Amino acid sequence: QAQFVESGGGLVQPGGSLTLSCKASGFPFSRYALSWHRGASPTERVLVATITSDSGGIDYSNFAKGRFTIFRDNAKNTGYLQINNLTSEDTGVYYCNTGGTWFPLGDHWGQGTQVTVSS
């Protein structure tokens, strides 16, 4: 079954930057779109960004446009989310999954990685 291990979160001051990683396993990663989500809890997750399997299509939720960058390395079965100019509103747990804007989400979620923006 699909498994995701998110990492790269932490405590960051406002205005700082982070790059989150999503290491995937258990499925053919290069064939699936990948998305990032965030929320204070699993039931409050919202879609942040989606990237297609070949990186040819990328979509961001309105709040993520301009400061967030999604990318992936299929050779490493890893997806990434770079966040610049962090604000307190970016605080939350960040998760990845297959699917997203144009495709159904997968059934399995990782533990997520906590991002806390505070001075």
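Analyst: Buried means under 20% relative accessible area, exposed means over 50%, and partly exposed lies in between, with a 1.4 Å probe and protein chains only. Helices (H or I, at least four residues) and strands (E, at least two) are DSSP runs, numbered from the N terminus. The model is predicted: local features need pLDDT of at least 70, side-chain atom pairs count only at pLDDT 80 or more, and totals for chains, interfaces and linings use all residues. Residues are numbered from 1 along each chain as its sequence is written, and side-chain values use heavy atoms, with hydrogens and water left out.

Strand S1 covers residues 3-7. Phe 4 and Glu 6 make up its covered face, while Gln 3, Val 5 and Ser 7 make up the uncovered one. In a regular strand the side chains alternate between the two faces of the sheet. S1 pairs with S3 in the antiparallel sense over five bridges; two strands count as paired if DSSP finds at least two bridges between them. In this pairing Gln 3 stands opposite Ser 25 in S3.

S3, residues 18-25, also holds Cys 22. Cys 22 forms a disulfide with Cys 96, and the sulfur atoms are 2.0 Å apart; the term applies to a pair of cysteine sulfur atoms within 2.5 Å. A disulfide is a covalent bond between the sulfur atoms of two cysteines. Cys 96 lies in strand S9, so the bond ties together parts that are 74 residues apart in sequence. Both Cys 22 and Cys 96 are buried. The angle about the S-S bond is 75 degrees, and the link is right-handed. A search of the whole structure finds one disulfide.

The salt bridges come next. A salt bridge is a side-chain nitrogen of Lys or Arg within 4 Å of a carboxyl oxygen of Asp or Glu. The structure holds two of them. In one, the closest N and O atoms of Arg 38 and Asp 90 are 2.9 Å apart. Arg 38 is in strand S4 (34-39) and Asp 90 is in the loop between S8 (78-83) and S9 (92-98), so parts 52 residues apart in sequence are tied together.

Asp 90 also bridges to Arg 67, with the closest N and O atoms 2.8 Å apart. Arg 67 sits in the loop between S6 (58-60) and S7 (68-73), 23 residues from Asp 90. Asp 90 has a relative accessible area of 1% and is buried. Arg 38, at 12%, counts as buried, and so does Arg 67, at 19%.
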